[in-house]
Amino acid sequence: GKQTANGEIFDTNKLTAAHKTLPFGSKVKITNSANGKSVTVRVNDRGPYHSNRCFDLSKAAMEAVGGVGAGQINGKYEVQ
């Protein structure tokens, strides 16, 4: 995998996310509004740099909230 902004090698199987400004290592609970499923991720990268998206989730995190087929989800988040 590619190197993330904090220097780690990206692993799609870990529960991680990218955010524009939250400090690296921040734990964030992401909840899918469509189905109520939640996952806690660790911020280890910067982004997303696309329209009005707040987070870019790893594949494992998207699977945990049931959003892989959709590509993107509407949801809420809580920094823990």
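The charged end of Arg46 sits over the ring of Phe24, 4.1 Å from the ring's centre. To count, CZ of Arg (or NZ of Lys) must be within 6 Å of the ring centre and within 35 degrees of the ring normal. Keep in mind that this is a predicted model, where local features need pLDDT of at least 70 and side-chain atom pairs pLDDT 80 or more, while totals for chains, interfaces and linings use all residues. Residues are numbered from 1 along each chain, and side-chain values use heavy atoms, with hydrogens and water left out.

**Aromatic pair**
- Phe55 comes from the loop between strands E3 (38-45) and E4 (56-57), and Tyr77 from strand E5 (residues 75-79), 22 residues apart.
- Strands are DSSP runs of at least two residues, numbered from the N terminus.

- Phe55 counts as buried because its relative accessibility is 14%, and buried means under 20% (1.4 Å probe, protein chains only).
- Tyr77, at 43%, counts as partly exposed, which is the range between buried and exposed, with exposed being over 50%.

**Largest pocket**
- The largest pocket has a volume of about 430 Å³, taken as the space filled by probe spheres set on the grid points.
- A pocket is an open set of points on a 1 Å grid where a 1.4 Å probe fits, with protein on both sides within 12 Å along at least five of seven lines; lining residues have an atom within 4 Å of a point.
- Its lining has 16 residues, with Arg53, Cys54, Phe55, Gln72 and Ile73 nearest the centre.
- E5 gives the largest share of that lining, three residues.

Technical notes: Helix = DSSP H or I, 4+ residues; strand = E, 2+ residues; numbered from the N terminus.
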